[in-house]
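Open the model in your viewer and keep the selection tool at hand. Each stop below says what to pick and what is there.

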Amino acid sequence: MVEEIKTLSELNTVADASVVAVIELEAPREPQRDELGRSYATGKRKDAVARVWIRPGSGKVVVNGKEMAVYFARPVQQLILRQPFQVAGVEDQFDVIATVKGGGLSGQAGAVKHGISKALQLYDPSLRAPLKAAGFLTRDSRVVERKKFGRRKARRSFQFSKR
């Protein structure tokens with residue numbers, strides 16, 4: 001059943017045809033939006049979990065019922081939240097409503113950023129490539145190391161006394 005391939009050009013045409021067949025098998029991603037035109041995603045970082053909804057709007061960000069500038073007072077944390085929009089090139093085009101639980105403010109900012117990135121790529125699948133290239137769709141798996149017995153903290157020993 002398998003034909004013999006005698007020349008290099010025949011091999012290339014067979015390889016090109018198989019690549020085209022594989023590409024055709026992959027269905028294009030469909031936008032996932034609810035009846036209100038929103039996309040939802042869950043973002044995580046350290047112990048923080050963020051539920052994020054995005055919809056077309058003026059760029060307003062509300063976190064736990066408060067404005068972004070009020071909830072995340074540090075400019076660095078506000079910058080972290082704006083990164084996905086800047087990378088995707090859609091600044092001030094989406095409103096964000098997020099609820100965050102657990103962790104501290106830094107982890108919560110990272111969780112909201114992760115949730116915004118995932119929601120953006122669900123709303124418009126063409127934004128997936130720049131967000132993925134920037135690493136925003138990957139969950140940051142670093143968490144606090146557990147405390148070990150016989151130690152003061154995870155790695156810190158008790159103070160040694162010679163006498």
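Start at the largest pocket, which holds about 210 Å³ of space. The model is predicted. Select the lining of this pocket: 13 residues in total. Nearest the pocket's centre lie Arg45, Gly110, Lys113, Thr138 and Asp140. Which elements give two or more residues to this lining? They are S1 and H4. The largest share comes from H4, with three residues.

Next, select helix H4, residues 105–123. Is H4 mostly covered or mostly open? Covered: 16 of its 19 residues are buried.

Now pick tyrosine 123 and arginine 33. Arginine 33 lies over the face of the tyrosine 123 ring, 3.9 Å from the ring centre.

Go on to the strands. Select S1, residues 39–45, together with S2, residues 48–56. The two run antiparallel and are joined by seven bridges. Glycine 43 faces alanine 50 of S2. Two residues sit between the strands in this hairpin. Stop at lysine 46 there: its phi is positive, near 50°.

Proline 56 has phenylalanine 94 in S5 as its bridge partner.

Last, show the aromatic side chains. How many aromatic pairs does the structure hold? Three. Pick tyrosine 40 and tryptophan 53: their ring centres are 5.0 Å apart. Their planes meet at 45°, which lies between the 30 and 60 degree cut-offs, so the pair is tilted. This pair links distant parts of the chain, with tyrosine 40 in S1 and tryptophan 53 in S2, 13 residues apart. Colour both by accessibility. Tyrosine 40 has 37% relative accessibility, between the 20% and 50% limits, so tyrosine 40 counts as partly exposed.

Then move to tyrosine 71 and phenylalanine 72. Their rings form an edge-to-face pair, 5.0 Å centre to centre, with 85° between the planes. Are these two residues buried or exposed? Tyrosine 71 and phenylalanine 72 are both buried.

Terms used. Residues numbered from 1 in each chain as written. Predicted model: local features only at pLDDT ≥ 70, side-chain atom pairs only at ≥ 80, totals over all residues. Heavy atoms only, no water. Pairing = 2+ DSSP bridges. Helix = DSSP H or I, 4+ residues; strand = E, 2+ residues; numbered from the N terminus. Phe/Tyr/Trp six-rings, centres within 6.5 Å; stacked < 30°, edge-to-face > 60°. Buried < 20%, exposed > 50% of the residue type's maximum accessible area, 1.4 Å probe, protein only. Lys NZ or Arg CZ within 6 Å of the ring centre and 35° of its normal. Expected span 1.5 Å × (residues − 1). 1 Å grid on protein atoms, 1.4 Å probe; cavity = no way out; pocket = protein on both sides within 12 Å on 5 of 7 lines; lining within 4 Å. Points joined across faces, edges and corners; volume = space filled by probe spheres on them.
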